[in-house]
Structure formats: structure tokens, C-alpha cells
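Dear colleague,

I am handing over the structure we spoke about.

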Amino acid sequence: MRRRVVAVTGASGGVGRAVVREFAKRGDSIALLSRGEVGLSAAVDDVRAAGATAMVVPVDVADHAQIGAAVERIENELGPIDIWVNSAFTSVFAPFAEISPEEFARVTEVTYLGAVYATMAVLRRMRERDAGTIVQVGSTLAYRGIPLQSAYCGAKHAMQGFHESLRCELLHDHSNVHVTMVQLPAVNTPQFSWVLSRLPERAQPVPPIYQPEVAARAVVFAADHPDRREYWVGASTAATLIVNAVAPGLLDRYLARTGFQAQQTGQPKDPDQPANLWEPADGNGGRDFGAHGAFDQRAKPRSMQVFASQHHAALLGAGAAAVAGLVATLGRKAWKS
């Protein structure tokens, strides 16, 4: 039986690195796409330690020619791609007025257009085979913008619109190629140690914070069950998206009051902190940052909401059966009395 071929962008660190490890546990053949050579080398060690096959593909996803060449190389060396995960991104932590046009464009090119270029390149081959799955790693911020992350929020909003449009086209064509999206909460990744930041204090995820393994397990589940248009990860994601749908103006005012301080630790920013916007922090001369960031003590290792979301049909069935049993029991008692 042929091993599945999986490709993951942003594979050298953070959520992408955790996703790679989850797929490796199952023995899949995995193509690791990223810019950071040091991080990629360490990710290869993770895959091989799990007994799986790894292929390193250094690439800048913002370059559509590089992505096209990467897809061709993967299929030539590993075989037809079964699952493609778009996890690569970059960001700038700063008020909008302090971001340059070049910086804003770079965030958009990596985070949004990188996913578009990759989807475009692999989709051609998947449609020829009428098989395959593409998972877009999204964010709560695909629906709900917050201060200090205008470029990233804009890119994730764009990814959401692109995903919905493409999904409609595939449904219209009755295609057996599937696309799904996983909306993530705040995650304890190294981005807060390497993102370009103009904040006076160290950047942090907006609590509650989840470990990258929570996100990775959700991405792998989505890849195995891609008929759903999207998955929400974390109770905070579900609550935020529901409130935003009902009272977005109220949420605007709440985030205006709390959003600046909630994204800073209260400690001064390290003046020597690297910035991976233009060059990878885990490239030559850098170090391997791994999957986890600096917030292990505060991050949640699991989410009951994720389990409930993934198994809602079974839970609803069990709940309905329990209610029916209770009604029957009460009815018997009433009859006997």
C-alpha cells in the first residue's frame, strides 16, 4: 500500500512543525517546505525519528515560480501529493501607521498569496487525478480583526474569501478534490520571538493560549475529514466568532480598550530579537526554534471544544438518546404512579 504523500508549508517551526510531527506519527511521506534551513534540518530529524520519510524543499512561498517547481519536484521524487497544508505566514506587530508599504506587501505575499500560489500549483495536478485535499491553516483573525496586526488580519481575511470561492467552484464541478480551513486560536509558537515588532514590550498571544499540538491534531483531523468547509479550534475561537457575528461593533470597542495590552507581556522587548520578515530566523546563522514558543507555562495542551466540534454528530446523537431515555423513564414512573 502506497504511503500518503503530504506537503506542509511553514514546516520548520511553530504550527507547521507540529503538523509535520503529527503526520510523521502515521508514517506518511512528508515534504517539508520553508525558508529556514536550520529549522528544516531539525524537522527532518523529527520525521525520521518517527520512522517516516522526509523530503526537504527550501522555498519562499511568496515566489510562485519556486512553489511551482517545488510541487513538480515533490511529485517526481515522492509521488502524487495526497494532502497539502498551507501553514506558512509572517507578520508585523505594530500600529498600522508604523508599517511601511513594503512590509505590508511582504506579509500579504507570504501569508495570503503564498497560500494562493501553492493551492494553484497543486490543484492542477489534483484535479487531473480527481483526488486530493488542501488544508488552509486559518485563524480567528480570518473573521475578526484586532489592533496591531492589520497586515496579518487582512491576509487571513483574504484567505478566507479565497477558500470559500474555490470551495464553491469545486462543489459546482462535483470534484473529488477537497478544500477545508482550520481557524486557530492564540497558539504558543516561536513567532512571538521572531516576528518583526515595533511594540515597546514583548509580544504575546492573546490569552487563552493553546499548545501547537492542539492545532496540529485539528489540522490532521481536517485533512482526514475535508468535507466540512472549516473547523474552529478552541473555545475562545468559537466565542469570538459568535460574538463577532452578533455584535461586531461592541467587539470593536472592547478590543480598542484591551487589544493593545493583551498582546504585550509587560516586559521590555529584547533589542536583539530577530525578525523573520525578510530573512528566516532559523536560517543559516540562526537556530532551530522548534514548535513551541516561550509560553509553555500558560498554554493549554488540549481543548474539549475541538473534540466536541469534530464529533458533534455523535454527541448530538448521544444527547438525544439520553433525553429519550430520561423521557421514557419519567413516563414509566408517571404511569406507575
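The notes below go through strands, a helix, aromatic rings and a cavity.

Please keep in mind that this is a predicted model.

Strands

I begin with strand β1, residues 5-9. 5 of the 5 residues of β1 are buried, so the strand is largely enclosed by the rest of the structure. Val5, Ala7 and Thr9 point one way from β1, while Val6 and Val8 point the other way. Both sets are buried. The partner of β1 is strand β2, residues 29-34, which runs parallel to β1 and is joined to it by 5 bridges. Within this pairing, Thr9 stands opposite Leu33 in β2.

Elsewhere in the chain, 3 strands make up an open sheet. Their order is β8-β11-β14, and the pairing is parallel. The edges are β8 (186-187) and β14 (299-300), each of which pairs on one side only. Between β8 and strand β11, residues 209-210, there are 2 bridges in the parallel sense. Val187 has Tyr210 in β11 as its bridge partner.

Helix α7

Helix α7 covers residues 212-224, which makes 13 residues. From the first C-alpha to the last, α7 reaches 19 Å, close to the 18 Å expected at 1.5 Å a residue. How much of α7 is covered? Most of the helix is, with 10 of its 13 residues buried. Among the buried residues are Pro212, Val214, Val219, Val220 and Phe221, and several alanines, including Ala215 and Ala216.

Aromatic rings

A search of the whole structure gives 6 aromatic pairs. One of them is Phe96 with Phe104: the ring centres are 5.9 Å apart and the planes stand at 90°, so the pair is edge-to-face. Phe96 has 57% relative accessibility and therefore counts as exposed, the cut-off being over 50%. Phe104, at 26% relative accessibility, counts as partly exposed.

Phe221 and Tyr231 also form an edge-to-face pair, at 5.9 Å centre to centre and with 85° between the planes. This pair links distant parts of the chain: Phe221 belongs to helix α7 and Tyr231 to strand β12 (residues 230-232), 10 residues apart. Both Phe221 and Tyr231 are buried.

There is also an aromatic cluster, formed by Phe93, Phe192 and Phe295.

The cavity

How many cavities of 30 Å³ or more does the structure hold? The count is 1. The largest cavity takes up about 350 Å³ of space, and 26 residues line it. Of these, Gly10, Ser34, Phe89, Trp194 and Asn276 lie nearest its centre.

Which helices supply at least two residues each of this lining? They are α1 (14-25), α4 (101-129) and α6 (191-194). The largest share comes from α1, with 3 residues. By type, the lining of the largest cavity divides into 10 nonpolar, 12 polar and 4 charged residues.

If you want a place to start, take β1 and its pairing with β2, then look at Phe221 in helix α7 and its partner Tyr231 in β12, and finish with the lining of the largest cavity, including Gly10 and Trp194.

Kind regards

Note on methods. Residues are numbered from 1 along each chain as its sequence is written. This is a predicted model: local features need pLDDT of at least 70, side-chain atom pairs count only at pLDDT 80 or more; totals for chains, interfaces and linings use all residues. Side-chain values use heavy atoms; hydrogens and water are left out. Two strands pair if DSSP finds at least two bridges between them. Helices (H or I, at least four residues) and strands (E, at least two) are DSSP runs, numbered from the N terminus. The expected span of a helix is 1.5 Å times one less than its number of residues. Buried means under 20% relative accessible area, exposed over 50%, partly exposed in between (1.4 Å probe, protein chains only). On a 1 Å grid over the protein atoms alone, a cavity is a set of points where a 1.4 Å probe fits but cannot get out, and a pocket is an open set with protein on both sides within 12 Å along at least five of seven lines; lining residues have an atom within 4 Å of a point. Grid points are joined across faces, edges and corners, and a volume is the space filled by probe spheres set on the points. Ala, Val, Leu, Ile, Met, Phe, Trp, Tyr, Cys and Pro count as nonpolar, Asp, Glu, Lys and Arg as charged, and the others, Gly among them, as polar. Rings of Phe, Tyr and Trp (its six-membered ring) pair if their centres lie within 6.5 Å; planes under 30 degrees apart count as stacked, over 60 as edge-to-face and the rest as tilted.
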